[in-house]
Amino acid sequence: MQEPGSPAQTLHSVLGAEGKEESKGNKNQQGHRRKRRNMETSQTHSSESMSRDLSELMKEATKEVHEQAENTPFMKNFQKGQVSLHEFKLVTASLYFIYSALEEEIECNKDNPVYAPVYFPAELHRKAALEKDLEYLYGSNWREEIPCPEATQKYVERLHYIGKNRPELLVAHAYTRYLGDLSGGQVLKKIAQKALQLPSTGEGLAFFTFDGVSNATKFKQLYRSRMNALEMDLATKKRVLEEAKKAFLLNIQVFEALQELVSKDQENGHPVQLKAELRARNANRSYEHGPVSGKERERTNTRCTEMLPTTPLVRWILALSFLATTVAVGLFAM
């Protein structure tokens, strides 16, 4: 029997320890190999997933933020056709600043391979249409009157930044905005026209009218195919998807800023403008298009003297619906 501390016992203890360390080392190596295999499998699945069409990935990536917007009260209320002129004017003004920035950067990158395939100015660009709407809604001095809230300016700055520094991300904003507008535009146009009792000839609603697109379904298919053909590596595709989500969040921030603006107007006792200016412009246009019927004249006079819903909460909720539904409802319909 070996005595504790004898050379044989000491050698046995050392060998035993080494054996345990070797066993432990083997287990660690197996764990590392297993982890590496899992990572490789995950990367393979990620690569396979990202190899799908960009338009499909874009819709999937924005699904969560879309659902958040879709379930907000103002989205549901807007579908009921309730909206006031004052908030509609504010939303239209914000859209003007956003599209002016977007289309300025698009023009600067129209020959850039990262955007050129989806360059459709005649079919999609909205700046000129918004200028017509703002002149109708605000009058000839609209440029001096329209407000640009801080959140809208932030959106504008982001568009200018990516246009100059990350032009490959422009497609995220263009797809989110234009195809959203094109998809939901006609529905929104009818709702706005009825709720605000705007002229049947389309004044104030040019933004929702795409004269250059004869068939929206076919055009959207063409746009998607062009976008899906854009050459971009996996990292770029991921950045584009993240930018699409950012575009949605920037819009939500614009909603919040408009809420603050409307609330301040109410606190300061700023009256919601009546439709007298629209009445005058409608009267002038009536001579251009011929005399109107007595019934139509009666409806016009009623529109100019009555207010649409004036409850603060309702007015706020319904006004911001335009910007939200343009992206949320429209994007989901893409």
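**Note on the aromatic side chains**

1. The structure, which is a predicted model, holds nine aromatic pairs, where rings of Phe, Tyr and Trp (its six-membered ring) pair if their centres lie within 6.5 Å, and where planes under 30 degrees apart count as stacked, over 60 as edge-to-face and the rest as tilted. One of these is the edge-to-face pair of Phe 207 and Phe 208, with 5.1 Å centre to centre and 75° between the planes.

2. Both partners of that pair are buried (under 20% relative accessible area, with exposed over 50% and partly exposed in between, for a 1.4 Å probe and protein chains only): Phe 207 has a relative accessible area of 3%, and Phe 208 has 5%. Ring pairs also link Phe 207 and Phe 208 with Tyr 99 and Tyr 178 into a cluster.

3. Phe 219 and Tyr 223 form a tilted pair, because their ring centres are 6.4 Å apart and their planes stand at 45°. The two residues lie four residues apart, about one turn, in helix H11 (residues 216-228), helices being DSSP runs of H or I with at least four residues, numbered from the N terminus. Phe 219 is buried at 8% relative accessible area, and Tyr 223 is buried at 0%.

4. A charge sits over a ring if NZ of Lys or CZ of Arg is within 6 Å of the ring centre and within 35 degrees of the ring normal. The charged end of Lys 89 is placed in this way over Tyr 138, 4.6 Å from the ring centre, while Arg 126 lies over the face of Phe 210 at 3.8 Å.

5. Residues are numbered from 1 along each chain as its sequence is written, and side-chain values use heavy atoms, leaving out hydrogens and water. Local features need pLDDT of at least 70 and side-chain atom pairs count only at pLDDT 80 or more, whereas totals for chains, interfaces and linings use all residues.
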